[in-house]
Amino acid sequence: MVRLGKMEGELIRSISKRPATVIYPFTKDGLNIPPGLRARWSYANPDMCTGCKICERVCPSGAIEMVECGPDDVRTKTGFRPICHFDRCILCGQCVESCPRDVLRLTDSFEMAFLSREDMVLR
Amino acid sequence: MTTPDERRVVVPPRVSIPIGPQHPALKEPGMFRLTVEGERIVDAEVNIGYNHRGIEKLAESKTHLQNLYLMERICGICSATHNGNYAQAVEFAAEVEIPERAKFIRTLTWELERIHSHILWLGVAFHEVGFDTAFMYSWRDREVVMDMLEDLSGNRVNYGMNTIGGVRRDVSDELRLRLLKGLDKLEERMEYYRDVAIYEKTFWDRVAGVGLLETGVAKRTGAVGPTARGSNVPVDVRFNDPTQAYAHIRDSGEFEMVLSDRCDVAGRSIVRVTETIESVRMCRWLLNNMPDGPIRERVRPRIQPNEVLARYEAPRGECIHYLVTNGTQSPERIKIRAPTHANWVSMAHCLRGGYIADAPIVLAAIDPCFSCTDRVVIVDADEHTLELVPLDVLRVRANRWYKENNRSSD
């Protein structure tokens, strides 16, 4: 005798359900982005930055580089500010955690496609 | 030049099928040389050591804090395993005790990771035996735990939850409620998949009696994790040598080590699905009994000279980090023994005596992140041909062979 499998009921019930996947680039509904997502790096609070270089020292992948402040930048105490070579960033968030003055952030902007490597230097 | 007559003399009496070793993107490429007579595997030879990434050497040039993120990238699936185990190794070396709440959150991440890893394995096992419907359904439900981990840590794969001296993120009350809700759904779904694995003939007939690893052999070859527990060897670091909050879990008396005396792939499957349900219950217990308090302890970056061994029961078995510190910020030596390394040894025994069509599921049964082991050379003794086939084709052939050579259910 042919015995029915265990999954037939599940299959039939699934016919009326909506798809489990999201047609992502066209819609962002159902992506479940959590509030604490670690995504794009940002130099969020330059006024507080002292240029202490802790972020550069702790970065496990060498993504953060300290450069001299340009004319448009907020002048820090040491005259240096961090920039992020985002192509090397592993999104661990250690720089954010180690920053003593809450200068850096990992935002929840997760769409991180760039056309060239130069565009990936986040200032 | 040899004549066809002479050539017949050097034809090997048995057909040899090398599987591997070049697998792009697999962290542990392995080489399996199967010697077959007809459809039966008469001998199997297993070789590893093709992928040298130099992680241990690289770790010596980085600080302990940076190494946490390097360790986490040893394995995409066991990222919390290596990250947490390294953190606890450094804490052992520094001889600091981390806060209780940190221990609970660390254990919670580990257990959630075990759930996702076991569901992943179950899907792969379904796929290897050609039961793709269950593969897709189980992976759909795996998204629940992936979302929970993302909610908890901020990342789907490399959680980065641990730091030296505790954990990096706290569990808020709202998050706790969301996690409990997700765990309810997971438990319901996993009970369903347990029934699918046991009562669905499509799966069961392909795994029952396949890849036998007797208890004695499992002990002798040093198998670990679900591979050993599926052969009735009671090895589970969570119960034998508990660290972090596992000591509380064991002392609560509500949880038991999952064992099976079947000794075949079916036994390993039962151990894994049952263990997933146990893990869901453990997570719920951890969330309900989580003590209040700080989540991290400050540890000086320079770790005193010490030599420690940290053990943790990863989803695949016992993971060992051996760490020597020298008083600086960097380790003097770090040696990692991943569980798959211990399980390779028993692999040759599992394969021997089985059908060639069973090779994909037997190889997948130790959960060696096998998805990338996708090149197979078939040397045909009669036609003097050498054929390079991907594992997908081997799987399709295996499934076709079973369609033609039906095994009656016992």
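These legends describe close-up views of a predicted model. Residues are numbered from 1 along each chain as its sequence is written, and chains are lettered from A in the order in which they are written. Because the model is predicted, local features need pLDDT of at least 70 and side-chain atom pairs count only at pLDDT 80 or more, while totals for chains, interfaces and linings use all residues.

**View 1. Chain A and its extent.**
Chain A has three helices and five strands, where helices (H or I, at least four residues) and strands (E, at least two) are DSSP runs numbered from the N terminus. Along the sequence their order is α-β-α-β-β-α-β-β. The C-alpha atoms of chain A fill a box of roughly 80 × 25 × 20 Å along the principal axes. Of the 123 residues in chain A, 19% are buried (20 or more other C-beta atoms within 10 Å of the residue's own; exposed means 12 or fewer, partly exposed in between; C-beta atoms are placed from the backbone).

**View 2. Helix H6 of chain B.**
Helix H6(B) covers residues 132-153, which is 22 residues. From first C-alpha to last, H6(B) reaches 31 Å, close to the 32 Å expected at 1.5 Å a residue (the expected span is 1.5 Å times one less than the number of residues). Its buried residues include B:Ala134, B:Tyr137, B:Arg142 and B:Leu149. The buried residues of H6(B) pack against helix H1 (8-14) of chain A and, in chain B, against helices H5 (100-128), H7 (173-199) and H8 (201-207). Just after H6(B), B:Gly154 has a positive phi of about 95°.

**View 3. Helices H4 and H5 of chain B.**
H4(B), residues 79-94, packs with H5(B) at an angle of about 155°, and their axes are 9 Å apart (axes are lines fitted to C-alpha atoms, for helices over the stretch in contact, and angles run from 0 to 180 degrees between N-to-C directions). H4(B) is therefore roughly antiparallel to H5(B) (an angle over 145 degrees). B:Ala80, B:Thr81 and B:Gly84 in H4(B) meet B:Arg106, B:Thr109, B:Trp110 and B:Glu113 in H5(B) (contact means C-beta atoms, placed from the backbone, within 7 Å).

**View 4. Two loop residues with positive phi.**
A:Lys53 is not a glycine, yet its phi is positive, near 70°. A:Lys53 sits in the loop between strand E1 (41-42) and helix H2 (54-58) of chain A. With 13 other C-beta atoms within 10 Å, A:Lys53 is partly exposed. B:Glu95, also not a glycine, has a positive phi of about 55° and lies in the loop between H4 and H5 of chain B. B:Glu95 is exposed, with 11 other C-beta atoms within 10 Å.

Methods: Contact = placed C-beta atoms within 7 Å. Parallel < 35°, antiparallel > 145°, perpendicular 65-115°, else oblique.
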